[in-house]
Amino acid sequence: MKKRFFRVLNVFLTLVLALTAAFGLSACSDGAAGDGGDGGDRTRQKTISWLHIWPEHSAAMTKIANDFMAANPDIKIEIQQSTHGDVDSYLNMQVLSGTLPDVFFYWTHSVSAYVDYDAVLDLTPYVDGWKDTFIDDGAAWEGAKVDGKYYNMPFRSTGYTIVYNKTLFDSLEIEVPGTIQEFEQVLDKIRKSFANASFSPLAATGVAGGTLPQIHSAMNNFIALQTEQYKDPAFKADLIASDATQLDLGARVLDKLRDWVGKGYFGYAEGKSESTAITNFVQGNAAMVLMNNNNLYLLEDIDEETEIGFMAIPAPAGIDYTYVFGGYDGFSIAKNTRYPDECVRFLKYLSSLEVQQ
C-alpha cells in the first residue's frame, strides 16, 4: 500500500505543478544552516517564535528547527502550531495583542491582508541573490509583492485537485471527463448508480472556505476565457464590467451549480469539513473528492485494493484548459521582531535544498 500511495502521490504532484511551479521550490541556497550571510551578533542566544500550520507533520517541523539550532547555536526556535482552518483567527488575535510570532505561516498570494495591518517585515532588502536560487528563478515570489515590495517567502506550492476512485470508475465504465459537459454526465451516472442518498459522486464542502466555491470559481474563470474577459486590465484589478452578457453567464453558472447541488451530486456538503469529505472518500462513500495537497496523508488508509487517480476540473468544450485552485504556502516575518536578520537566516534555511527535500 505504501509504495502505491507514494506512486499516486507523484502523479498528484505532477498535476499540481502544472499550475503552481514546484512543490520543492529551492534549487540551491546561499543561506543554509550555518551560512551566517546576514551577520549579526552571535555571542548571545536569541529566541525566535515560529508558527506553522501542519500539526500532522510536527515531527518533521521539530527536526527542521532542531537541525537549524544545531548549526546556529546563537538562535533558539520556539515552535507554535495552528491549522489550515484556524490560522486566520489565530493570527488576528496575535496582531491585536501585539504578540505576532517572529516567523509565521501565511499564504504568499494573500499576505497583503497583514501588510495592510502594518504587521509584516519588508523582505526586499534581503531578496537579491536569495530569490534567484529558487528553481523558478523567483517567479513564486511575485505573489508576495505589495506595492513593489516583498513580504513573504514561498515555502511550497499548494493546490486543490479532484481525487477519484479509479477502481469504481472502471467498474462503471467511466472515462476521466475531458470537458465540463462530460464531467456533468459522469456526476449524473454515478448519482443514478447508487440508491444511497448519502453517497457522494463528488465529496465537497460547503463551509466557509470550502470546496464548492472553488467549483463556482472554476466556472467563472472558464467564462473569462470564453469571453476573453481576461484581456481586460480591469479583470486583473477585480474591477469586472457588469455588462448584460457577463451577468447572464454568471447567473447561468449559479443556476447550474444549484442544479448540481439539488441533484445530490455533492452529497451532504453543507457544514462538512474537508477532512470529513476525505474520510467519506477513503471509506468508499464517495466516488471523488476535491482536496488540498496538505491533506494527502489522509489517503494512506484507503483500501489497498482501491486504485486512485487525480484530475483537474475540466473546462467547457473548446477551451484547452483545466482548473486547479492553488497558490503558495509561505512564511513572513513580524515587523516588530527584535531579530530580523536572524529570522531571515531561518527563512533562508527553510528554503534551502536540505529542507526542501
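**Burial, pairing and rings**

Tutor: T211 touches Y160, A204, T205 and L290, leaving aside residues up to four places away in sequence. The model is a predicted one.

Student: What makes these residues count as touching T211?

Tutor: A contact needs heavy atoms within 4.5 Å. Y160, A204, T205 and L290 each touch T211.

Student: Where is T211 found?

Tutor: In the loop between β7 (200-203) and α7 (212-226).

Student: Why is T211 called buried?

Tutor: Buried means under 20% relative accessible area. T211 has 1%, so T211 is buried.

Student: How much of the chain counts as buried?

Tutor: Of its 357 residues, 49%. The chain exposes about 16,700 Å², with carbon and sulfur atoms supplying 51% of that.

Student: What makes β1 and β2 a pair?

Tutor: Pairing requires at least two bridges. β1 (residues 46-52) and β2 (residues 75-81) have seven, in the parallel sense. The chain goes from β1 through helix α2 (residues 58-71) to β2, a right-handed β-α-β crossover.

Student: Which residue in β2 stands opposite L51?

Tutor: Q80.

Student: How many aromatic pairs does the structure hold?

Tutor: It holds 25. One of them is W54 with F105.

Student: Why is the pair of W54 and F105 called edge-to-face?

Tutor: Ring centres must lie within 6.5 Å, and planes over 60 degrees apart count as edge-to-face. Here the centres are 5.6 Å apart and the planes stand at 80 degrees, so the pair is edge-to-face.

Student: Why does this pair tie together separate parts of the sequence?

Tutor: W54 lies in the loop between β1 and α2, and F105 in strand β3 (residues 103-107). The parts are therefore 51 residues apart in sequence.

Student: How do you know whether W54 is buried or exposed? And F105?

Tutor: The cut-off for buried is under 20%. W54 has 1% relative accessibility, so W54 is buried. F105 has 0%, so F105 is buried too.

Student: What makes F134 and W141 an edge-to-face pair?

Tutor: Apply the limits of 6.5 Å and 60 degrees again. The centres are 5.8 Å apart and the planes at 80 degrees, so F134 and W141 are edge-to-face. F134 is buried at 2% relative accessibility. W141 is buried at 0%.

Student: What is the secondary structure of the chain?

Tutor: Twelve helices and twelve strands. Among contacts with a separation of 6 or more, 77% join residues 24 or more positions apart.

Terms used: Residues numbered from 1 in each chain as written. Predicted model: local features only at pLDDT ≥ 70, side-chain atom pairs only at ≥ 80, totals over all residues. Heavy atoms only, no water. Helix = DSSP H or I, 4+ residues; strand = E, 2+ residues; numbered from the N terminus. Buried < 20%, exposed > 50% of the residue type's maximum accessible area, 1.4 Å probe, protein only. Right-handed = clockwise from strand over helix to strand, strands pointing away. Phe/Tyr/Trp six-rings, centres within 6.5 Å; stacked < 30°, edge-to-face > 60°. Areas by Shrake-Rupley, 256 points an atom, 1.4 Å probe, with all protein chains shown as cover.
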